[in-house]
Each structure stands twice: as C-alpha cells, then as structure tokens.
Amino acid sequence: ADIVGTKAVVPSLQRWPTDKLLPSWLAPLLERYVSDPECHPHALRELSPAASQMASWLVARVECHKVLEQVETKRQSLGDLSHQMAALAAEVAGGRSAVA
C-alpha cells in the first residue's frame, strides 16, 4: 500500500490521459492497492478525508483502465471481423466474376 507514497507515481497518474491505458507496470500495482481493504475509501474516511478522496480517485482510475481494456479488446475483435468481411467480400466478388 506504500505505492502512493512513491514520488513519481502520483504525478504520473495526474498527467496520464484518462482516455489511455495505464502503463503495464502500473495497472497491476494500483489494482493490488485498491483491492486492499485497509486502503478502501470508506476505511480511510475517518482516518483522513484527504486520503479517502485519493483512494476514491485511484479506484476510479483503475476502473477506467479496466473499461479501456475492454474497449480495446472489442476494437481489436471488430478490426479482425472487418478484415474477415473484406476477405469474404473479395472471395464472393471473385466467385461472381468466375461464374459470369
């Protein structure tokens, strides 16, 4: 749970665009951090409202990353299907010209 104390992590997250996947080294670390019950925003609220808000922000960043991963997977699948459709269309067009 000491990852947030690392000087480079928080500024990197602040600058990182929300529409881009997190770096591959950072996402698993943040997921481990936000899954720790001691670091849950509700657990931190009485201890420190600021820490609770920071934890909420980190949870949101991790959730955003997960959604972006799903979107990227679906984009890749769509691209694959588009290539398959183009290949089939070319094959059908080739078959029609051979019949004509």
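Predicted model: local features only at pLDDT ≥ 70, side-chain atom pairs only at ≥ 80, totals over all residues.
Local features were considered at pLDDT of at least 70 and side-chain atom pairs at pLDDT 80 or more, whereas totals for chains, interfaces and linings use all residues. Residues are numbered from 1 along each chain as its sequence is written, and side-chain values use heavy atoms, with hydrogens and water left out.

The protein chain contains 4 helices and 0 strands, helices (H or I, at least four residues) and strands (E, at least two) being DSSP runs numbered from the N terminus. The order of elements from the N terminus is α-α-α-α. Of the 100 residues, 22% are buried; in relative accessible area, buried denotes under 20%, exposed over 50%, and partly exposed the range in between (1.4 Å probe, protein chains only). The accessible surface of the chain amounts to about 7,300 Å², and carbon and sulfur atoms account for 60% of this area. Areas were computed by the Shrake-Rupley method with a 1.4 Å probe, and for residues only the protein chains shown count as cover. Of the contacts (heavy atoms within 4.5 Å) between residues at least 6 apart in sequence, 61% link residues at least 24 apart.

The largest nonpolar core comprises 11 residues: Val-9, Leu-13, Leu-22, Leu-26, Ala-27, Leu-30, Tyr-33, Val-34, Cys-39, Leu-58 and Val-62. Such a core is a set of buried Ala, Val, Leu, Ile, Met, Phe, Trp, Tyr and Cys residues joined through side-chain atoms within 4.5 Å. At least two core residues are supplied by each of helices H1 (9-15), H2 (26-35) and H4 (49-99), with H2 providing the largest share, 5 residues. When neighbours within four places in sequence are left aside, the core residue Leu-22 contacts Leu-13, Trp-16, Ala-27, Leu-30, Arg-61 and His-65. Met-54, in helix H4, is partly exposed, with a relative accessible area of 25%. Its C-alpha atom is separated by 9.9 Å from that of Cys-39, 15 residues away along the chain.

Arg-61 also belongs to helix H4. This residue is buried but forms no salt bridge, and the nearest side chain of opposite charge, Asp-19, is 7.9 Å away. For this assignment, Lys and Arg count as positive and Asp and Glu as negative, while His and the chain ends are not counted. A polar atom of the Arg-61 side chain lies 3.2 Å from the backbone oxygen of Leu-13. Apart from neighbours within four places in sequence, the contacts of Arg-61 are Leu-13, Trp-16, Pro-17, Thr-18 and Leu-22.

The structure holds 2 salt bridges, each defined by a side-chain nitrogen of Lys or Arg within 4 Å of a carboxyl oxygen of Asp or Glu. In one, Glu-63 pairs with Lys-66 at a closest N and O separation of 3.7 Å. Both residues lie in helix H4, 3 residues or about one turn of the helix apart. Glu-63 is partly exposed at 43% relative accessibility, as is Lys-66 at 31%. Another salt bridge joins Glu-72 to Arg-75, whose closest N and O atoms are 4.0 Å apart. Glu-72 and Arg-75 are separated by about one helical turn because they are 3 residues apart in helix H4. Glu-72 is partly exposed at 30% relative accessibility, whereas Arg-75 is exposed, with a relative accessible area of 57%.

How values were computed:
Polar contact = N/O pair within 3.5 Å; in protein donor to acceptor, adjacent residues only side chain to side chain.
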